[in-house]
Amino acid sequence: MENKYVEMDLNEEINSDKTENRFLEFWKLFRRKKPALYSLYFILLLLVLVVAGQYITPFDHSEPNYSNILSSPSWPHVFGTDEYGRDVLSRVIAGTKIALTVSISAVLIGAIAGTILGLVSGFFGKWIDKAIMRFCDILFAFPDLILAIGIVAILGPGLQNVIIAIAFFSVPSFARIVRSSTLEVKELLFVESAKSMGASKRRIVFKHIFPETIPVIIVYFTMNVGTAILSAASLSFLGLGAELSSPDWGAMLSMGRDYIGTSFHIVFFPGLMIFLTVLAFNILGDGLRDVLDPKTRD
Amino acid sequence: MTQSTLIEVKGLTKKFPLGKKWFKPNGYVRAVDGLDFTIKKGETFGLVGESGCGKSTTGRLINGLIEANEGEILFDGQNLVGLPDSQWNSYRKRMQMIFQDPFASLSPRMKIKDIVIEPLDVHYPKMPKSEKLEKAEKLLEICGISKFHWNKYPHEFSGGQRQRISIARSLILNPELIIADEAVSALDVSIQSQVLNLLVDLQVEFDLTYLFISHDLSVVEHISNRIGVMYLGDLVEVASKEQLFKNPKHPYTQSLLSSIPQPGKQDREKIILKGEIPSASNPPKGCKFHTRCPFAMDICRKEIPENIHVDDDHVVACHLYS
């Protein structure tokens, strides 16, 4: 029911507001998607924490306080303290920065590489398409996390290598999705008209085809950031990512699990943050897809 | 008036392979099959025929969007068939295409001004942007799109406006030949005449030559000097507009012309063709039209008719006149 209503509106919107620019058009539709809208607000809040977090944390996230270890949530330690007496709230806020920078940069690298591969594959076809797609099939054959563990095992632990690992397994999905919309777009008349005026292949790919694939990329990007946060946390939890003493959410879970029976709050708050952040990115991605790319719904 | 030839097409053939079986195609669709015609400088050559007869393929072959299998396209004396892409481009500058569907032929995420100057970006990357925009402004003005709309996107315009934008774009390189592939077919009749009149005005102003491809005889009659009638990938009759409409020779042309409704002449005899257009992958032997021709003779089933000059500038490929 709800979908029908939105689709009807979409047509009306486009017909009635011909002079409206694209962003306003998008915003008008997106604004009605309440869950996605609130997810966006939540993510914006997280981004504020990333930028300003170090100025608003009540305590230094790495400062131990041995006189106040494993205390339950209470004032002034709202989320309690961990086994070294460090403030969990401050650590969760500091962890936001790690989680978002790692996941966003990893997916960004994966998206750029995947988009280029997808455009090349879809546009040129023939053997180059086959080669790229078989390469993607190989990567798809590994479960994401196993592949990431493998890459980190080769490169050694550390956040930088986690970024590389996650970027690596995001490549094939971007390549595939960009390829499929490239195949669709390259048959359109405006691409032919660009060819007829003598435009170079590079120009056709980047000026005419690529802009048409952006909505799909945005949707996929958002959803993949959610997955990437989860993967980064998993790797850190396994001791393959961030240093265990750092305020990474996954590392906090890993360190806190020994105290889970007595001091549940040490794992509860980072776990909650992972859950909410991943959920927010997924819901935002869903909402964006409904608005930007109505064809691929369901 | 003696006019020099701009385009001469000789024996142009395009075969599209049909489904692959191992490495050999199952057969070919002969979309364009040994086409011969010339277009003189400054004239409008209309190409008519029913859908699937290869009109559009011909336009795309001349522009080099697809590569011909056989034959020659002489553009100002230079054969374009088999020319590498880099050299094609210097000829593409001199010929531009206008497409049928103005809703699809403009990049939806580019502003109008960027769309119109794109050919300049492609061919003259070093020209300063202000100069490009100046040219664009002039052309858009001529085509009836005011500067006020420059920063809009194609979806904000109507079909007729968009077609005028694509006409402005096709003119910005100052080309000699415009290939208009069903350029007005997607428009309302009232808008059609506006755009056609614009094309006629532009022809005078910019000294253009048109290859005007259409299935609509009245449109072609309005704009063309000479007309070629295509049937199954080949021209059956080429004549000046007056000759063709007053004195059609080929039975196919006659039936096409009799299908144009004319007010006040309801009892006019109509030649209604029987049967479907035969498949281009397996065309009939002899004259391709014999399966539907009311005057088919024995020879039509065996021999391909030669081009016969029945008059000055009136060529017909039919055994009736040999």
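# Exercises on a two-chain model

In this predicted model, 20 residues of chain A are in contact (heavy atoms within 4.5 Å) with 27 residues of chain B. Local features need pLDDT of at least 70, side-chain atom pairs count only at pLDDT 80 or more, and totals for chains, interfaces and linings use all residues. Residues are numbered from 1 along each chain as its sequence is written, chains are lettered from A and ligands numbered from 1 in the order in which they are written, and side-chain values use heavy atoms, without hydrogens and water.

## Exercise 1: the interface

Solution. 

Step 1. Start with area. The size of an interface is often given as the accessible area lost when the parts come together. Here the buried area (accessible area lost on being put together, 1.4 Å probe, summed over both parts) is about 2200 Å². Carbon and sulfur atoms give 53% of that area.

Step 2. Count the pairs. The rule finds 11 residue pairs in polar contact across the interface, both residues at pLDDT 80 or more. A polar contact is a pair of N or O atoms within 3.5 Å; within protein, one must be able to donate a hydrogen and the other to accept it, and residues adjacent in sequence count only if both atoms are side-chain atoms.

Step 3. Locate the side of chain A that touches chain B. Helices α2 (22-30), α8 (189-196) and α9 (201-237) of chain A each give two or more residues to that side. Helices are DSSP runs of H or I with at least four residues, strands are runs of E with at least two, and both are numbered from the N terminus.

Step 4. Sort by class. That side of chain A has six nonpolar, five polar and nine charged residues. Asp, Glu, Lys and Arg count as charged; Ala, Val, Leu, Ile, Met, Phe, Trp, Tyr, Cys and Pro as nonpolar; the others, Gly among them, as polar.

## Exercise 2: salt bridges

Task. How many salt bridges cross the interface of chain A and chain B, and which residues do salt bridges with shared partners join into one network?

Solution. 

Step 1. Apply the rule: a side-chain nitrogen of Lys or Arg within 4 Å of a carboxyl oxygen of Asp or Glu. It finds four salt bridges across the interface. Over all chains the count is 23.

Step 2. Take one pair. Arg203(A) bridges to Glu118(B), with the closest N and O atoms 2.9 Å apart.

Step 3. Turn to a pair in chain B. Lys55(B) and Glu182(B) form a salt bridge at 3.9 Å, N to O. Lys55(B) lies in helix α1 (residues 55-63) and Glu182(B) in the loop between β9 (177-181) and α6 (189-206), so the pair ties together parts that are 127 residues apart in sequence. Both Lys55(B) and Glu182(B) are buried (under 20% relative accessible area; exposed is over 50%, partly exposed in between; 1.4 Å probe, protein chains only).

Step 4. Follow the shared partners. Arg203(A), Glu118(B), Asp121(B) and Lys132(B) are joined into one network.

## Exercise 3: chain A

Solution. 

Step 1. Chain A has 11 helices and zero strands. Of its 298 residues, 50% count as buried.

Step 2. Asp286(A) and Arg289(A) meet in a salt bridge, 3.0 Å from N to O. Both lie in helix α11 (residues 265-292), three residues apart, about one turn of the helix. Asp286(A) is partly exposed, at 34% relative accessibility.

Definitions and conventions: Buried area = accessible area lost by both parts, 1.4 Å probe.
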